[in-house]
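Keep the 3D view open as you read, and try to find each piece as it comes up.

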Amino acid sequence: MKTFLVTGGAGFIGSNFILKARYGQWANIINLDQLTYASNPNTLAVLTGDPGYEFIQGDIGDLDLVASILLHHRPDAILNFAAESHVDRSIIGPEAFVQTNVVGTFRLLEATRSYWGNLSQKARSLFRFLHVSTDEVYGSLGPNDLPFCEDTPYAPNSPYSASKAASDHLVRAYHHTYGLPTLTTNCSNNYGPYQFPEKLIPLTILSALKGNPLPIYGDGQNIRDWLYVEDHCDAIYQVLNQGNIGETYNIGGLNEKTNLAVVESICTLLDDLAPKTDIKHSSLITFVKDRPGHDKRYAINCDKIHTQLGWKPNESFESGLLKTVKWYLENFDWVEQVQSDSYHDWMHKNYAIR
């Protein structure tokens with residue numbers, strides 16, 4: 001069985017990928033994660049005792065650590081999920097995003113280049129470095145603009161998306177300059193189990209259950225494409241196995257929704273699954289001051305990955321959202337573990353100014 005080094009594997013998308021990889025026997029997994037605020041090793045507690053899984057706490061920017069992991073475990077592929085990813089946090093504190101997403105990716109690439117260069121010719125030809133990125137690097141679309149394609153020019157508008165754009169460019173450069181066999185995926189908004197509750201969907205679910213206000217930026221008409229996280233993981237694995245070296249693949253859920261429509265859909269589900277006796281959950285919706293530079297619309301054209309690799313999402317937005325709401329209702333222990341004092345301090349800091 002192959003061995004994958006997964007960076008950022010205790011985060012939302014990375015942990016979902018690792019669970020699928022181990023349950024599906026895709027590969028043995030080495031998980032390197034710094035365990036920042038959005039990481040939760042308890043997500044992967046079910047793998048305790050699994051001989052095909054090992055966790056290592058550390059930073060992708062620690063060149064010596066990464067080099068030692070590569071030499072010891074000899075992975076067949078590296079999948080880079082590690083990133084600071086919350087736009088609101090990047091607006092208030094952009095330095096961490098530059099450090100992790102830009103400097104961290106650079107150092108990871110440097111360690112990988114050294115390791116790959118010393119492999120046998122056969123192992124070099126089979127090795128892959130897959131970099132997980134975002135559709136936000138492409139900027140913002142107007143209501144009638146065509147969806148983002150792989151050749152859409154980069155135009156990032158937030159410190160977060162700018163840092164991810166920089167990391168994408170580094171990955172591209174390491175392929176074209178050094179021949180490193182890279183793959184890049186740019187995905188739309190993910191949702192599903194184990195997502196840290198600062199993001200829209202889990203934040204709305206948990207706030208509604210507590211009877212708290214449901215904050216929506218501006219008029220709620222900003223549009224995002226929504227991708228169920230398990231569909232995303234399947235797509236990443238397909239790109240890893242079948243993608244053309246040096247190329248980019250856009251991954252979307254084909255579900256464009258306004259933020260207001262997303263929140264209203266969650267409220268409707270909660271009215272059915274966890275009804276309140278006195279109010280409808282939608283009465284908690286509260287419009288707050290918009291965040292600076294808020295992109296109006298994202299949309300993904302998935303023709304390339306569908307035509308070339310045969311991937312398409314299994315979940316509709318309705319089916320994926322139902323699974324997600326039910327998961328949060330059934331996993332309050334996990335939710336309580338991640339809602340620390342620092343989480344509550346952050347929520348107050350971000351929304352009090354609005």
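Strands β7 and β9 (residues 223-228) run parallel and are joined by 3 bridges. Keep in mind that this is a predicted model.

- The whole sheet is open, has 3 strands in the order β7-β9-β11, and shows mixed pairing.
- Which strands lie at its edges? They are β7 (189-191) and β11 (256-258), each of which pairs on one side only.
- From one strand to the next, the twist averages 50°.
- Helix α9, made of residues 259-273, lies across β9 and β11 and runs at about 85° to β11.

**The sheet of 7 strands**

- This open sheet has parallel pairing, and its strands come in the order β3-β2-β1-β4-β5-β6-β10.
- Its edge strands are β3 (53-57) and β10, and each of these pairs on one side only.
- On average, neighbouring strands here are turned by 20° against each other, with direction ignored.
- How many bridges join β4 to β5? There are 4, and the two strands run parallel.
- For I78, the bridge partner in β5 is F129.

- Helix α2 (residues 63-73) lies across β1, β2 (28-33), β3 and β4, and runs at about 170° to β2.
- Helix α8 also packs on the sheet, where it touches β1, β4, β5, β6 and β10. The direction of α8 makes about 145° with that of β5.
- With 14 residues, α8 reaches 20 Å from its first C-alpha to its last, close to the 20 Å expected at 1.5 Å a residue.
- Several residues of α8 are buried, including V229, H232, C233, A235 and V239.

- The axes of α2 and helix α4 (residues 95-117) come within 9 Å and cross at roughly 35°.
- Is this crossing left-handed or right-handed? The crossing of α2 and α4 is right-handed.
- On the α2 side, the contact is made by L63, V66, A67 and L70. On the α4 side, R107, L108, E110, A111, T112 and Y115 take part.

**The nonpolar cores**

- In soluble globular proteins, nonpolar side chains tend to be buried together.
- The largest nonpolar core here has 35 residues, and those with the most contacts inside it are F4, F17, L79 and I305.
- Elements that each supply at least two residues of this core include β1 (3-7), α1 (12-23), α8 (229-242) and α10 (303-309).
- A second, separate core has 28 residues, among them I216, L270, I285 and V338.

- You will find I13 in helix α1.
- Why does I13 count as buried? Its relative accessibility is 18%, and buried means under 20%.
- Beyond its neighbours within four places in sequence, I13 is in contact with F81, N190, V229, H232 and C233.
- I13 and V132 are 119 residues apart in sequence, yet their C-alpha atoms are 9.6 Å apart in space.

How values were computed: Residues numbered from 1 in each chain as written. Predicted model: local features only at pLDDT ≥ 70, side-chain atom pairs only at ≥ 80, totals over all residues. Heavy atoms only, no water. Core = buried A, V, L, I, M, F, W, Y, C linked by side-chain atoms within 4.5 Å. Buried < 20%, exposed > 50% of the residue type's maximum accessible area, 1.4 Å probe, protein only. Pairing = 2+ DSSP bridges. Axes fitted to C-alpha atoms, helices over the stretch in contact; angles between N-to-C directions. Contact = heavy atoms within 4.5 Å. Expected span 1.5 Å × (residues − 1). Left-handed = near helix turned anticlockwise from the far one by under 90°.
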